[in-house]
Amino acid sequence: MNLKLLFFASLREQFDFSQKEITLTKEVGSAEEFLLVMSKKNGGEWINLLENKETYKVAINQELASWNDPIHSGDELAIFPPITGG
Amino acid sequence: MILELSRKDNVGAVVSFSGYVREFSKEKQLKYMELEHYPGMTEKALESIIQKAKSYWNIEQITIIHRVGRLLPKDIIVGVIVSSRHRSNAFKACEFIIDFLKTEAPFWKKEISDKGEFWVAERQEDIIKKTNWNKLD
């Protein structure tokens, strides 16, 4: 399963990248499951993100979504702090 | 831009909102601000807000300009211009657009100040303002 992962603002700084192509050996059904897999595999910042996920927002294919919404291979998944424009 | 919109047929009112960078916030003196956004999603989110506004009020034209990158104190961050036949629709739609933009369009502000660098936190007041529009549905 392939995902294009994007981080913005404070998350981009914490993880030190803005986008990355991720290949998973096993399918994940949601952004929350994706976080579980990544934090088991990589630890560190990923665990921190998983534990505080309710303070962050998710967009799937450039539309605001929830952590439980379905994701599919080829999707663009963005995770970011609350929006502060305008 | 405001003049341009007013020249369209049927326009009786043009309402505009301009948002500026303030030089002080919570005892910090701002040096400059970095505006980050999500290219692609930003345009989609703004288009979606425009379509929502047009579905609620009879509007002739809507223009939204949002700056990104480095902004100095007193710079304009965002402009919203709405034209309609009658003023009431333009006033309401303009306020609706800026309220939704603040919570749905993917922009993030970082303040670089005399006390250090800080990502701006979301304001509860902005969430309440957006929620107050729910009664339109």
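Let me begin with the ground rules: what you see is a predicted model, in which local features need pLDDT of at least 70 and side-chain atom pairs count only at pLDDT 80 or more, while totals for chains, interfaces and linings use all residues. Residues are numbered from 1 along each chain as its sequence is written, and chains are lettered from A and ligands numbered from 1 in the order in which they are written.

I start with chain A, whose secondary structure comes to three helices and five strands, where helices (H or I, at least four residues) and strands (E, at least two) are DSSP runs numbered from the N terminus. From the N terminus on, these elements run β-α-β-α-α-β-β-β. The radius of gyration of chain A is 12 Å, close to the 12 Å from the globule rule for 86 residues, so chain A is as compact as a globular protein of that length; the radius is taken over C-alpha atoms, and the rule is 2.2 Å times the number of residues to the power 0.38. Along the principal axes, the C-alpha atoms of chain A fill a box of roughly 40 × 25 × 20 Å.

Of the 86 residues in chain A, 24% are buried, and by that I mean that 20 or more other C-beta atoms, placed from the backbone, lie within 10 Å of the residue's own, with exposed meaning 12 or fewer and partly exposed anything in between. One example is Gln14(A), which sits in helix α1 of chain A and counts as partly exposed because it has 13 C-beta neighbours inside 10 Å.

Turning to chain B, we find four helices and eight strands, and the pattern along the sequence is α-β-β-β-α-β-β-β-α-β-β-α. Its C-alpha trace spans about 50 × 30 × 30 Å along its principal axes, and 30% of the 137 residues of chain B count as buried.

Which residues of α2(B) are buried? They are Met41(B), Ala45(B), Leu46(B), Ile49(B) and Ala53(B), and seen down the helix axis they fall within an arc of 130 degrees, so they line one face of the helix, the arc being that of the directions from the axis to the C-beta atoms. The face turned away from this buried side carries the exposed residues Glu47(B), Gln51(B) and Ser55(B). As for partners, the buried residues of α2(B) pack against β3 (57-60) of chain A, together with β4 (61-66) and α3 (87-104) of chain B.

Next comes the hairpin that β7(B) and β8(B) form with two residues between them. Strand β7 (residues 107-113) and strand β8 (residues 116-119) of chain B pair in the antiparallel sense over four bridges, pairing here requiring that DSSP finds at least two bridges between the strands. Within this pair, Ile112(B) stands opposite Glu117(B) in β8(B).

Finally, the interface: 14 residues of chain A are in contact with 22 residues of chain B, contact meaning that the C-beta atoms, placed from the backbone, lie within 7 Å. On the chain A side, the elements that give two or more residues are α1 (9-15) and β5 (76-80) of chain A. By class, that side has nine nonpolar, five polar and no charged residues, where Ala, Val, Leu, Ile, Met, Phe, Trp, Tyr, Cys and Pro count as nonpolar, Asp, Glu, Lys and Arg as charged, and the others, Gly among them, as polar.

Conventions. Two residues are in contact if their C-beta atoms, placed from the backbone, lie within 7 Å.
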